Amino acid sequence: MIQTDILIIGAGPTGLFTVFEAGLLKLRCHLIDALPQPGGQCSEIYPKKPIYDIPAYPEILAGDLTKNLLEQIKQFEPGFTLGERADTIEKLSDGTFIVTTNKGTKHHAPVVAIAGGLGSFEPRKPKLEDLTRFEDNALPI
Ligand SMILES: Cc1cc2nc3c(=O)[nH]c(=O)nc-3n(C[C@H](O)[C@H](O)[C@H](O)COP(=O)(O)OP(=O)(O)OC[C@H]3O[C@@H](n4cnc5c(N)ncnc54)[C@H](O)[C@@H]3O)c2cc1C
C-alpha cells in the first residue's frame, strides 16, 4: 500500500504544480496517471507545440513546460504511479481514502486531489483476439 499526505489523480500541469504548492506546506504528494509519463496533454498530444500564455514565458514548448514543472517539484520528491488508471475511491471510517488502480495498486491518503483534466487517455486498440500478449512490453510467444 502506497502512503502519502496528498494523492493526486492526474499528472498533467495542474497535478504537477499541486505538488509544488503542497510541498511549500511540507506535505508529500503521490501522483497517479494513466499515461506512462507525466505532463498530461502537454506531453502526450503536443510536446513540440509552442505555448504563448504561460506567465514569464513569452514562448515555451509544451514539452519544456513539463520538464520545468518536473524540475520545480523535484525538491519535494513526489511519488508516481504511471501507466495505471485510478478506478475506485473508497472512504474509510476515519475519513481517509484508498484509491485503487486498474492494475490493483492501492494508495492510502487523508486527501485526494482530482486533477484529471479531460479524463484519462485510452488507446484505441486494434480488434485482435490475443492482444494482451502484445501489451505492457509482453513479447509474442
Ligand atoms: C492541441 C492542444 C493545444 C493546446 N494548446 C494550449 C496552449 O497553447 N495554451 C494553453 O494554456 N493550453 C493549451 N491547451 C490546453 C492544455 O493542454 C490543458 O488546459 C492542460 O493540459 C490542462 O492541464 P491539466 O493538468 O488540468 O489536465 P491534463 O493535461 O488533461 O492532464 C490530466 C491527466 O490526468 C490523467 N487522468 C485523468 N483521469 C485519470 C484517472 N482516472 N486515472 C489516472 N489518470 C487520470 C490523464 O491521463 C492526464 O494525463 C492545448 C490543448 C491541446 C489538446
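## Terms and model

A residue is called buried if 20 or more other C-beta atoms lie within 10 Å of its own, exposed if 12 or fewer do, and partly exposed in between, with the C-beta atoms placed from the backbone. The structure is a predicted model, in which local features need pLDDT of at least 70, side-chain atom pairs count only at pLDDT 80 or more, and totals for chains, interfaces and linings use all residues. Residues are numbered from 1 along each chain as its sequence is written.

## The chain as a whole

The chain has three helices and 10 strands. Helices (H or I, at least four residues) and strands (E, at least two) are DSSP runs, numbered from the N terminus. Read from the N terminus, the elements follow the order β-β-α-β-α-β-β-α-β-β-β-β-β.

The C-alpha trace spans about 50 × 45 × 25 Å along its principal axes. Of the 141 residues in the chain, 26% are buried. Two residues are in contact if their C-beta atoms, placed from the backbone, lie within 7 Å. Among contacts between residues at least 6 apart in sequence, 56% join residues at least 24 apart.

Two strands pair if DSSP finds at least two bridges between them.

Strand S2 (residues 6-9) and S3 run parallel and are joined by four bridges. Within this pair, Ile8 stands opposite Leu31 in S3.

Which residues of H1 are buried? They are Pro13, Gly15, Leu16, Thr18, Val19 and Ala22. An α-helix has 3.6 residues a turn, so residues three or four places apart point the same way. The cover over the buried residues of H1 includes S2, S3, H2, helix H3 (62-73) and S10.

H1 is followed by Lys26, which lies in the loop between H1 and S3. Lys26 is not a glycine, yet its phi is positive, at about 65 degrees. Lys26 counts as exposed because it has 8 C-beta neighbours inside 10 Å. Glu77, in the loop between H3 and S6, also is not a glycine and has a positive phi, of about 45 degrees. With 10 other C-beta atoms within 10 Å, Glu77 is exposed.

## The mixed sheet and Lys106

Another open sheet of four strands has the order S1-S9-S8-S7, and its pairing is mixed. Strand S1 (2-3) and strand S7 (86-91) form the edges; each has a single partner strand, so one side of each is left without a neighbour in the sheet. Strand S8 (residues 97-101) and strand S9 (residues 106-109) pair in the antiparallel sense over four bridges.

Lys106 belongs to strand S9 and is the bridge partner of Thr100. Is Lys106 buried, exposed or partly exposed? Lys106 counts as partly exposed, because it has 14 C-beta neighbours inside 10 Å. Apart from neighbours within four places in sequence, Lys106 is in contact with Met1, Ile2, Ile98 and Thr100. Lys106 and Asp5 are 101 residues apart along the chain, and their C-alpha atoms are separated by 14 Å.

## Around the ligand

The shell around the ligand holds 28 residues, and the closest are Gly10, Gly12, Gly40, Gly116 and Gly117. A residue is near a molecule if its C-beta atom, placed from the backbone, lies within 6 Å of it. Helix H1 (13-24), strand S3 (29-33) and helix H2 (40-44) each supply at least two residues of this shell.

By type, the shell divides into 14 nonpolar, 10 polar and four charged residues. Here Ala, Val, Leu, Ile, Met, Phe, Trp, Tyr, Cys and Pro count as nonpolar, Asp, Glu, Lys and Arg as charged, and the others, Gly among them, as polar.
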